[in-house]
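Q: I have a sequence and a model to look at. Where do I begin?

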2 protein chains.
Amino acid sequence: MEHGFIAWAKQRAMRLPKIKLGIGDDCALIASDGSDWVVTTDSLCEGTHFILDQCGPQAVGRKLVGVNLSDLASMAAVPVAVILSLCLPRKSADLLGSEIYEGVCEACEKYNVAIGGGDTNVWDGPLVVHLTAIGTARPAGSWLRSGARPGDKIVLSGRLGGSLLGKHLDFEPRLKLAQALYPLGIVQAATDISDGLGIDLLNLTAASRCGAEVELDRIPISDAAMERSKSSGHTALEHAIGDGEDFELLMAVDPARIDQLPSEVDGVPLTVIGTFVSRTGLWSRSKGRIEQLQPRGYVHG
Amino acid sequence: MEHGFIAWAKQRAMRLPKIKLGIGDDCALIASDGSDWVVTTDSLCEGTHFILDQCGPQAVGRKLVGVNLSDLASMAAVPVAVILSLCLPRKSADLLGSEIYEGVCEACEKYNVAIGGGDTNVWDGPLVVHLTAIGTARPAGSWLRSGARPGDKIVLSGRLGGSLLGKHLDFEPRLKLAQALYPLGIVQAATDISDGLGIDLLNLTAASRCGAEVELDRIPISDAAMERSKSSGHTALEHAIGDGEDFELLMAVDPARIDQLPSEVDGVPLTVIGTFVSRTGLWSRSKGRIEQLQPRGYVHG
């Protein structure tokens with residue numbers, strides 16, 4: 001439902017001058033008498049975003065911090081604090097609460113983020129965990145989804161697909177990468193890959209009012225996507241395009257300065273996979289043919 | 001579980017210099033290069049905080065904004081923006097989502113607060129709604145729970161008890177009251193009444209390392225508490241002390257300037273109900289006798 005809802009919600013919401021950027025990007029940008037604040041929130045629901053019996057509560061806590069910090073990274077924000085809210089099933093509230101919290105603390109320590117406070121609730125439903133992450137914006141401007149221009153190169157961090165085999169729980173929000181790239185001034189737009197390359201690229205092009213042409217042969221495919229393709233009935237490429245929760249960065253890079261793009265940062269590869277174009281929509285280029293690209297990644301024909 | 005958990009969580013959390021006030025007050029205070037930011041979060045779970053079939057989704061949205069703004073009011077903060085996260089039951093996600101959002105928008109418009117963004121999820125569990133509210137702190141200092149001193153007067157807004165009969169859904173976060181009282185400089189500490197007068201007063205005294213002596217005859221009792229007492233087996237006074245979700249302000253006021261306290265603000269009465277004392281614990285004074293006061297409000301004997 002999310003797309004129609006977000007479009008409507010954006011119209012419905014009152015706009016106030018302090019909101020520089022509201023509904024529809026990875027984070028909100030809130031003006032202040034000091035640095036702007038960057039705020040994001042994500043909830044994880046048992047059975048949808050994790051299977052508690054399989055991953056354990058600490059991994060839920062770490063993932064919760066990771067998904068929110070990934071949003072901050074995609075705007076090149078510097079994380080400051082997180083605020084936690086737990087809805088805990090009654091029968092195991094104490095133990096579950098402390099183990100999730102332990103995972104949250106571990107992740108916060110790793111990324112030097114403070115825990116500002118929160119709220120705990122005990123109820124009769126399954127586990128739901130929420131986090132709001134707050135950071136400061138770069139004074140010279142945040143990376144937005146809306147900054148891509150025709151001609152910009154489409155750049156990806158890492159390798160994509162098959163996150164269900166483990167990466168969806170155990171990933172690195174790309175804070176260091178953003179920190180390394182931001183000072184170069186070559187990134188014009190960015191988002192993180194949470195819904196899958198196809199959908200997130202479509203969202204980025206929609207926000208930038210342009211299209212994208214992807215060279216399919218250049219998409220870096222993860223070992224997990226190869227593994228998944230053995231039994232899923234889809235190709236590894238389809239997994240790379242369609243699977244969600246990669247938590248890699250998808251960026252638009254100034255073509256005039258593309259030679260300044262490092263090939264990797266701290267072992268994380270950076271790959272040019274195509275070009276933003278003025279014709280709207282997603283397009284694939286493979287063996288000289290241009291076709292429409294299905295955002296879900298299940299390419300037919 | 002909340003008390004033991006919060007105490008442990010506070011110890012476990014890493015402290016960073018930007019968190020001026022973390023776990024354990026109504027809101028977190030986060031330092032900035034401009035005004036400090038005041039951040040609070042609250043989740044409402046179906047079946048625990050509301051019965052969806054009885055109140056309808058718009059009331060859930062309004063309550064969600066209200067409980068968070070009540071926390072900001074209790075620190076005399078000025079609200080700026082809210083960030084919403086919804087976990088919607090699959091079978092009615094679209095309609096439910098837009099109706100809750102409508103309630104959130106109504107409340108935000110009423111209190112001149114912007115909606116900065118959010119996150120929507122569809123899952124197989126019951127409805128959970130979650131909000132983070134962000135405001136700016138008063139440059140001259142926020143009202144904290146820890147500021148009460150022996151001798152300060154215990155002051156309450158409004159009338160207490162019986163919120164289940166309606167007020168728990170339909171209440172006024174005391175932003176105007178805080179705005180009117182703050183400039184007088186007479187309030188030393190504050191919290192909002194969400195768990196019930198007894199428990200919230202106990203929390204405030206614990207944070208301030210003092211005790212409180214309440215004159216039972218002075219506690220302003222709501223009509224709803226009177227109504228409830230007809231069938232609940234408890235007295236109206238017990239409801240006033242023990243019921244939660246009044247969302248009134250509980251304050252410590254400087255005794256030397258108590259004559260500056262208005263008797264009401266915009267029709268909301270302000271009542272002195274006792275005195276903070278150096279002896280820890282909660283005490284009641286009634287007809288010349290001093291007894292220990294049970295925070296749950298079920299006074300025996």
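A: Begin with how helices are picked out: a helix is a DSSP run of at least four residues, numbered from the N terminus. The model here is predicted. Helix H3(A) is followed by A:Ala76, whose phi is positive, near 60 degrees.

Q: Is H3(A) largely enclosed or open?

A: A residue is buried if 20 or more other C-beta atoms lie within 10 Å of its own. In H3(A), 16 of the 18 residues are buried, so the rest of the structure largely encloses this helix.

Q: Into which domains is chain A divided?

A: Domain 1 covers 2–136 and domain 2 covers 145–292. Their centres, taken over C-alpha atoms, are separated by 24 Å. The contact takes 14 residues from domain 1 of chain A and 13 from domain 2 of chain A. On the domain 1 side, the largest share, eight residues, comes from H3(A). By class, that side has seven nonpolar, three polar and four charged residues.

Q: How many residues of chain A are in contact with chain B?

A: 59 residues of chain A are in contact with 58 residues of chain B. Elements giving two or more residues to the chain A side include helix H1 (2–12), helix H4 (93–110) and strand E5 (114–123) of chain A. The largest share, 10 residues, comes from E5(A). The chain A side divides into 30 nonpolar, 19 polar and 10 charged residues.

Terms used. Residues are numbered from 1 along each chain as its sequence is written. Chains are lettered from A and ligands numbered from 1 in the order in which they are written. This is a predicted model: local features need pLDDT of at least 70, side-chain atom pairs count only at pLDDT 80 or more; totals for chains, interfaces and linings use all residues. Two residues are in contact if their C-beta atoms, placed from the backbone, lie within 7 Å. Ala, Val, Leu, Ile, Met, Phe, Trp, Tyr, Cys and Pro count as nonpolar, Asp, Glu, Lys and Arg as charged, and the others, Gly among them, as polar. Domain bounds come from an automatic or database domain assignment. A residue is buried if 20 or more other C-beta atoms lie within 10 Å of its own, exposed if 12 or fewer, and partly exposed in between; C-beta atoms are placed from the backbone.
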